[in-house]
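Biologist: I would like a close look at a single part of this model. Please keep it brisk and take it step by step.

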Amino acid sequence: MQIVIQANGEQSYHEQAAIKAMGPAELLMEPTFDDALERFYNRGEGDFAVLAVVNSLGRVEDRIRHIVDCAETGGLYVVGETTLPIKHRLIGLDTGISLLDITHVHSQEPALRQCRKYLKQNLPYAKQIKQPDTSWSVEHIVDLGDPLQVAIASKEAALSYSGAHVIDGNQND
């Protein structure tokens, strides 16, 4: 079975939701919601698509409208729903680093917004860098190799990249 999802890295929240909803499968990853829907609906690739409708703050109505439009023209059916508790973690290369020494925090924009109080209180001087995906942010900081740059993502994403570690627990506001 092939499932089209929106994801840019290993163990993204989208991947976790797809596995929770459908079980183990071959995942066909696309960088954006629109690209994933295009691949599944217009190009006919994949057996199913697992799409996050309530993920990006402020875009929920557009996503629902797009899915309803596709369903009304035929060929797209909603066959299930799943929920996934989002538990953001601060992930870095050095578990002993002082939070005040961190210079950059990388993550997807919704994750940065969902952790804004934590970031303001604990990393007030760190520059927030918007990235395309939470799990991709972990891969990015590993590639950078700079222990002063961290990511916000899932614990599972940290476990997927050699050298990445959870350095602080649940960051959700």
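In which strand does Gln131 lie, and what does Gln131 touch?

Modeller: Keep in mind that this is a predicted model. Gln131 belongs to strand β6, which covers residues 127–131. Its relative accessibility is 14%. Buried means under 20%, so Gln131 counts as buried.

Now look at its partners. The side chain of Gln131 makes a polar contact of 2.8 Å with the side chain of His106. Beyond four places in sequence, Gln131 also touches Ser107, Gln108 and Glu109. Trp136, Ser137 and His140 are on that list of contacts too.

Next, turn to strand β5, residues 104–108, where Val105 sits. Val105 has 1% relative accessibility, so this residue counts as buried as well. Setting aside neighbours within four places, its contacts include Lys127, Gln128 and Ile129. Leu112, Leu119, Leu123 and Ala126 are also among them. Gly92 is 13 residues away from Val105 along the chain. The C-alpha atoms of these two are separated by 9.5 Å.

Finally, consider helix α1, residues 13–22. Its buried residues are Tyr13, His14, Glu15, Gln16, Ala17 and Ala18. They pack against several elements, including α6 (134–144) and β7 (149–153). Strands β1 (2–6), β2 (26–30) and β3 (48–50) are packing partners too, as is helix α7 (155–160). After α1 comes Gly23, with a positive phi near 85°.

Key: Residues are numbered from 1 along each chain as its sequence is written. This is a predicted model: local features need pLDDT of at least 70, side-chain atom pairs count only at pLDDT 80 or more; totals for chains, interfaces and linings use all residues. Side-chain values use heavy atoms; hydrogens and water are left out. Helices (H or I, at least four residues) and strands (E, at least two) are DSSP runs, numbered from the N terminus. Buried means under 20% relative accessible area, exposed over 50%, partly exposed in between (1.4 Å probe, protein chains only). A polar contact is a pair of N or O atoms within 3.5 Å; within protein, one must be able to donate a hydrogen and the other to accept it, and residues adjacent in sequence count only if both atoms are side-chain atoms. Contact means heavy atoms within 4.5 Å.
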